[in-house]
There are 2 protein chains.
Amino acid sequence: MTNFIVPDLKITPRPGGYARGQDGFEHILRSALSLLVNHGSAALTLRRIAAESGMNVGNLNYYFRSKEELIRELLNAVISSYEESFDEIIHEPGASAEARLENLVMLVLEDITTKKTTRFFPELWAMANHDPFIHDRMSELYDRARVSLNELIGEINPELPSDQREILALFISGSMEGMTVFAGYQKPWAAQMPMLQTLAKKSFVQLVKSLRAEDFKAA
Amino acid sequence: MTNFIVPDLKITPRPGGYARGQDGFEHILRSALSLLVNHGSAALTLRRIAAESGMNVGNLNYYFRSKEELIRELLNAVISSYEESFDEIIHEPGASAEARLENLVMLVLEDITTKKTTRFFPELWAMANHDPFIHDRMSELYDRARVSLNELIGEINPELPSDQREILALFISGSMEGMTVFAGYQKPWAAQMPMLQTLAKKSFVQLVKSLRAEDFKAA
DNA sequence: TCCAATTTTAGTCAATTGTCAAAATTAGGG
DNA sequence: CCCTAATTTTGACAATTGACTAAAATTGGA
C-alpha cells in the first residue's frame with residue numbers, strides 16, 4: 001500500500017557549492033511557500049521572504065537573479081513533486097488498473113486536505129490567469145495527470161474511443177480539483193473527506209466501466 | 001426553457017439621490033469587476049478603479065467609505081445575482097426534479113465558460129483564504145446552492161438518508177466548480193464543454209438515482 | 001591557510017498606497 | 001429659472017513599499 005503523501009518540494013541539487021548553500025536555497029523556497037500559503041500572493045515580496053527565512057534581502061539576490069526566477073523555482077519544485085508521486089502510483093507494479101485508479105483518487109483527495117494544497121492551488125489558479133509561465137507550468141502538470149488517467153481508463157474500458165476517454169479523464173480530474181474549495185484544510189467539509197473519497201472512487205469507477213460511446217450524444 | 005445566463009451584478013437601488021448617482025455606483029462596481037477579471041486582485045487599487053471608470057480617486061470615497069467597503073459591495077452584487085438565478089431554476093414550475101437538476105447543471109457549467117466566472121471565482125477562492133468577509137459570503141452562496149441540490153436529490157431518491165444526500169450534493173457541486181480550471185473561458189477544453197455537460201448530467205443523475213445507503217461504507 | 005561560497009550592511013531610487021478637505025460643478029424639484 | 005442637495009474634481013498628505021545592488025564581512029572545507 002502506498003503512503004499517499006506528496007512531499008512539499010522536490011529540488012534538484014545544484015552543482016558545486018557547499019552544503020550550506022543547498023540548505024539556503026531550499027530554506028528560501030520553503031519560506032516563500034509558507035508565505036504564499038499563510039498570507040496569499042500579495043505577501044510574496046522579497047522583503048517578506050527574507051524576513052520569513054531569517055535572511056537578508058541581499059542574500060535572496062545571491063540565490064535568485066530576480067523575484068520572477070525565485071517564483072519559477074518555487075513552482076517548479078512543488079509541481080515536480082506531484083509529477084513524481086503520480087508516476088509512482090500509476091505504475092505501481094502488480095496492481096490492477098482499477099486498483100491504481102482508486103489509488104490515484106485516494107492520493108489526490110488525500111492531498112487536498114493538506115494546508116499547502118488547499119491554500120497554494122487556488123493561488124496558482126488565480127495567478128495562472130495573468131502569468132504565462134505559471135499558466136504553462138500548471139498546464140503541464142494537469143496534462144500529465146490526464147495522460148495517466150487516460151491510460152488507466154483505456155485499460156479498464158478498452159471499448160471507449162480515445163477522444164471520449166480524454167473527456168472522461170478531464171471530468172474526473174476536474175471533479176477532484178473542485179473538492180479543494182469545499183473539503184480542503186479547515187474547510188467545513190474536511191471531516192467528510194473519507195466519505196467523499198469512497199463516493200468518488202465508486203462514482204468514477206462505475207462511470208469508467210459503464211460508459212458507452214453513445215452516451216456522449218446530447219439528449 | 002430557461003435562458004441560462006447569470007447577470008454580472010445585482011444591485012439593490014440605494015434610497016434617495018439622483019439617477020446619476022445610481023449609475024455612478026454601478027459603473028464603479030463594473031469597473032472594479034473588469035479590473036479583477038482582466039488583471040487580477042493585485043490591480044484592485046482605488047487609483048486603477050478610478051482610472052478604469054473614468055472617474056477621480058476622490059469620487060470613489062464619496063460612494064464608498066473605504067476600499068474594503070467597495071470590495072464588499074462588489075462581492076455582494078455578484079453573488080446576489082447567482083442566488084437569484086439558482087432560485088429561479090430550482091423552483092421552475094411544472095418541471096420534474098430530474099429536469100430541474102439537469103437544468104441546474106446546465107446553468108452552472110454554462111456560466112463557467114464565461115470570462116467573468118472563469119477569472120473571478122479563482123480570485124475569490126484565493127482571497128477567501130485570507131479575508132474573513134469574502135470567506136463568509138462565499139460560504140453563504142455555496143451553502144444555498146447545496147441546499148437546493150439537496151432538495152432535488154431528496155425528490156429523486158427519497159430513500160437516501162439526509163446526511164448522505166448532503167455529501168452527494170457536495171460532491172456534485174464541487175465537481176462542477178472544478179471544471180472552471182480546465183474548461184472555462186479560453187481554457188484548452190472550453191470547446192468540449194457541451195460534451196462535459198452531457199457527461200455531467202448523465203453521471204450525476206445516475207449517481208443520484210442509483211446510490212444506496214450502503215455505498216458510503218468504505219471498501 | 002587560503003580561496004571560493006555565502007551572508008550582511010546599507011543603501012538607491014522610483015513608484016505607489018488609502019484617505020481626506022475643500023472647492024467646483026451639476027441635477028432636477030419647486 | 002433658482003436653489004439646494006447630490007455629485008465630481010482638485011490637489012495634496014504621509015507613509016510605505018517595491019525590486020534591486022555594490023562592497024565589505026564572514027564562513028566552509030580542501
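Predicted model: local features only at pLDDT ≥ 70, side-chain atom pairs only at ≥ 80, totals over all residues.
Among contacts in chain A between residues at least 6 apart in sequence, what percentage join residues at least 24 apart?

View 1. In chain A, 65% of the contacts between residues at least 6 apart in sequence join residues at least 24 apart. The chain has 9 helices and 0 strands, so that its pattern, read along the sequence, is α-α-α-α-α-α-α-α-α. The C-alpha trace of chain A spans about 60 × 40 × 35 Å along its principal axes, and of the 219 residues in this chain, 39% are buried.

**View 2. The surface near DNA strand C.** There are 24 residues around DNA strand C, and those that come nearest are G17(A), G21(A), G24(A), G58(A) and S66(B). Two or more residues of this surface are given by each of α1 (19-39) and α3 (57-63) in chain A, and likewise by α1 (19-39), α2 (46-52) and α3 (57-63) in chain B. The largest share, 4 residues, belongs to α3(A). Sorted by class, the surface near DNA strand C holds 11 polar, 8 nonpolar and 5 charged residues.

**View 3. The contact between chain A and chain B.** Chain A takes part in the contact with 35 residues, and chain B with 36 residues. On the side of chain B that touches chain A, at least two residues are supplied by each of α6 (115-128), α8 (162-178), α9 (180-183) and α10 (193-210), and the largest share of that side, 9 residues, comes from α10(B). By class, this side of chain B has 21 nonpolar residues, together with 10 polar and 5 charged residues.

Terms used
Residues numbered from 1 in each chain as written. Chains lettered and ligands numbered in written order. Near = placed C-beta within 6 Å. Nonpolar A, V, L, I, M, F, W, Y, C, P; charged D, E, K, R; others polar. Contact = placed C-beta atoms within 7 Å. Buried ≥ 20, exposed ≤ 12 C-beta atoms within 10 Å, placed from the backbone.
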